[in-house]
Amino acid sequence: MLHPSLGGLIQPLRTLARTLGGSGRYDLTLCENGFDLVVESGTVPDMELREALTAFAMSHDAARLSWRGGQGDLAEIIVERRRPLLSFGGIAVAPPPGVFLQPTGEGERHLQQLVLEMVGDRTSVADLFSGCGTLSLPLALRTRVAAFDLDSPSIDALQAAAGRAGGSGQSVRLSAEVRDLFRRPLQGGELSSFDAVVFDPPRAGAAAQAAALAESGVPIVVAVSCNPATFARDARLLVDGGYALERVVPIDQFVWSHHVEVVALFRR
């Protein structure tokens, strides 16, 4: 369900789309201090289009408006009237444009609660496919966390958020590293320093990382997935490697769709 403050932007975005030629994709994120918009189109924005985008941001009080040519491309910030802010575990994060986030605040909070509950009192946790800290930051307020993600801007945002929180007196025990876990999953020797691993991969799942975990001695693995099919594949790798699937919780945060989030606890 679209948040009412974003629903009011649908008609203005249709008008903007006609100004930009009628095609493209518009990604909206509701932040704590306004909305963040990424316009995606193969058209290279000339001065006239930039002026139209800036006028849209000004007239609708956007926090930031960015442009990218296609999925996977880095977004160019057209206008940033104030830095967009989100909070994970009470720690403010300035997310990069177009970053991966959970679709709803309610679902996100439930997911965080479940992960914290399943990790329990473990003292050293790896958060794999961490993004900009949805799970890393709440965990890092309770235990030592090492976060890994392929997306460099997300890791930069996570490190900056942890640094600001630490500078303001909060105890945040977190390290963050850019790493392609599809091509370079954490292996046995690296995994041996953790007594819990959390992984929340894209819809493609994390077969290589699950296979490496299956050969490890990590006592607890918490798997988060937005694709039950790839979750089942990765879960089979873990179970065949000696893990027992103790608990599975579905989260219906993709309202009016067939998609469902899954959080699961595996234990040796």
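**Stop 1: a helix and its cover**

Select helix H9 together with what covers its buried residues: strand S10 (196-199), helix H8 (207-214), strand S11 (220-225) and strand S13 (261-267) are included. Contact here means heavy atoms within 4.5 Å. Helices (H or I, at least four residues) and strands (E, at least two) are DSSP runs, numbered from the N terminus.

This is a predicted model, so local features need pLDDT of at least 70 and side-chain atom pairs count only at pLDDT 80 or more, while totals for chains, interfaces and linings use all residues. Residues are numbered from 1 along each chain as its sequence is written, and side-chain values use heavy atoms, with hydrogens and water left out.

Now colour Thr230, Phe231, Asp234, Ala235 and Leu238, the buried residues of H9. They cover an arc of only 135° around the axis, which puts them on the same side of H9. That arc is taken from the directions from the helix axis to the C-beta atoms. Buried means under 20% relative accessible area, exposed over 50%, partly exposed in between (1.4 Å probe, protein chains only). Turn to the face away from the buried side: exposed Ala229 and Asp240 are there. Just after H9, find Gly242, with a positive phi of about 115°.

**Stop 2: the sheet**

Select the seven strands of the open sheet, in the order S9-S8-S7-S10-S11-S13-S12, with mixed pairing. Strands pair if DSSP finds at least two bridges between them. S9 (174-178) and S12 (244-251) stand at the edges with a single partner strand each, so one side of each is left without a neighbour in the sheet. Zoom in on S11 and S13, which pair in the antiparallel sense over six bridges. Ile220 has Arg267 in S13 as its bridge partner. H9 packs on this sheet, touching S10, S11 and S13, and its direction makes about 5° with that of S13. Axes are lines fitted to C-alpha atoms, for helices over the stretch in contact; angles run from 0 to 180 degrees between N-to-C directions.

**Stop 3: salt bridges**

How many salt bridges does a search of the whole structure find? It finds 14, each a side-chain nitrogen of Lys or Arg within 4 Å of a carboxyl oxygen of Asp or Glu.

Select Arg68 and Asp27: their closest N and O atoms are 2.7 Å apart. Arg68 lies in strand S3 (residues 64-68) and Asp27 in strand S1 (residues 25-31), 41 residues apart. Arg68 is buried, at 7% relative accessible area.
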